[in-house]
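Subject: Structure handover

Hello,

Here is the structure I promised to pass on. Please open it alongside this email.

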Amino acid sequence: MVIAPKIRGFICTTAHPIGCAKHVAEQIEVVRSRGPIANGPQKVLVIGSSTGYGLSSRIAAAFGCNAATLGVFFERGSENGRTATAGWYNSAAFEHEAKAAGLYARSLNGDAFSDELKQQVIAAIREDLGQVDAIVYSLASPRRADPKTGEVFKSVLKPIGASYTNKNLNTSTGEVNEVTLEAAQGDDIAQTVAVMGGQDWEWWIEALLEAGVVAQGAWTVAYSYIGPEVTWPIYKNGTIGKAKEDLERAQHALDQKLVAIGGKAWVSVNKALVTQASSAIPVVPLYISLLYRAMKPEGTHEDTIEQMDRLFRERLCNGAPQPDEAGRIRVDDWEMAPALQALLSERWDSVNTENLPELGDLDGYQKSFLRLFGFGLDGVDYAADVEPDVAVPSLA
Ligand code: NAD
């Protein structure tokens, strides 16, 4: 079939298998072009490995550190003439590339929040790897079922205390309008913390430690965002920010637990980038479009792969993590540079629909968004018939 993008709001319901494979290949090339990463982990578990920051982490680990990788994700294969999800195609392509490079790669598709999947991962590590020496936790999900009680929690993106109105970008039309977000109510905060906070990360590491499948000196990292003040009511000081505070609580708790094996837990604060998760957050896409427009000419723009390559190469593996006062790794350092933020703050105040083409990078935003689903990649014939049913080799 010929596959074209079908965009519904902030998601694309189709994905292109060849385009996704090209996207993965381009990310691998970024890492390879920078040469091997010395002193990297050799057996890496990536939880949330199919898209966004988790996929790029898996690529940096495999093609930078030469590591065996075990990837966990929640994706759907092609059925009834529908395309698979982008994360499915990405994972299929990743496994092919890993095999061609002589690297072990195995994937598990299912609910990472469940006890069952944790046990499957432990069994897979025992079978194939013995132990892992790094665990990346990169889940982004709107809901989580508590494995002990079955209760389903839902995460919401809301300000806390009062409603909040600010500029917003319609990423399909380029219109800059306003959005008002109602304040969190009832147990919105607790629900969001239950989904996007640190409890499940803790449960993962505890289960892996208990099973004896974590190597001496291993590290684990989970991802967070802080961003500029203009987004704080919806991000840092909103419901999702409370969940990220809980992630930091979990990091400190895990640090204590990992002492016994000489290990370390990290939170890395990453840059705002177009991913499936971030495109769902109000206000943030307008900020991202201003950010891209300012960083690209400076030569400091990075996508998830450049961010994760830098995290592994220049923070996690070289013995110089450069933590901030709260102990967090900051690969959002270039985004948060004071001069850049001053410029963005000025531009935020004056941006409107008319001057967006000058102040923002809507085209770059839209292209990045489409690339997540395998569209708009150089050298892919989008008019050609393609087979949507692609197997992820280790799941076949
Ligand atoms: P993403 O949507 O691209 O990736 C989410 C991953 O989680 C996918 O691999 C998906 O399959 C997996 N997943 C979701 N629910 C699952 C489940 N129940 N079981 C198994 N796997 C599941 O998201 P992303 O933007 O890469 O976000 C990853 C992390 O990075 C999040 O913690 C996010 O807050 C953080 N982060 C994102 C940004 C950004 O701008 N995108 C910036 C800083 C930090």
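First, the ground rules. This is a predicted model, where local features need pLDDT of at least 70, side-chain atom pairs count only at pLDDT 80 or more, and totals for chains, interfaces and linings use all residues. Numbering starts from 1 along each chain as its sequence is written, and side-chain values use heavy atoms, with hydrogens and water left out.

Helix H10

H10 covers residues 338-350. Helices (H or I, at least four residues) and strands (E, at least two) are DSSP runs, numbered from the N terminus. The 13 residues of H10 should span 18 Å at 1.5 Å a residue, and its end C-alpha atoms are 19 Å apart, which agrees. The expected span is 1.5 Å times one less than the number of residues.

Which residues of H10 are buried? They are Leu340, Gln341, Leu344 and Trp348. They sit on the same side of H10, because they cover an arc of only 95 degrees around the axis. That arc is taken from the directions from the helix axis to the C-beta atoms. Buried means under 20% relative accessible area, exposed over 50%, and partly exposed in between (1.4 Å probe, protein chains only). Pro338, Ala339, Glu346 and Asp349 are exposed on the other side of H10. The cover over the buried residues includes strand E9 (164-169) and helix H8 (284-298).

Ser289

Ser289 belongs to helix H8. Its relative accessibility is 0%, so Ser289 counts as buried. Neighbours within four places in sequence aside, Ser289 is in contact (heavy atoms within 4.5 Å) with Leu169, Leu356, Gly360, Asp361 and Leu362.

Pro142

Pro142 is in the loop between strand E6 (132-137) and strand E7 (143-145). At 48% relative accessibility, Pro142 counts as partly exposed. Ser155 is 13 residues away along the chain, yet the two C-alpha atoms are separated by 5.2 Å. With neighbours within four places in sequence left aside, the contacts of Pro142 are Phe153, Lys154, Ser155 and Val195.

The second largest pocket

A pocket is an open set of points on a 1 Å grid over the protein atoms alone, where a 1.4 Å probe fits, with protein on both sides within 12 Å along at least five of seven lines; lining residues have an atom within 4 Å of a point. The second largest pocket is lined by 20 residues. His23, Gln27, Asp303, Thr304 and Arg371 lie nearest its centre. Helix H1 gives the most to this lining, with four residues.

Best wishes
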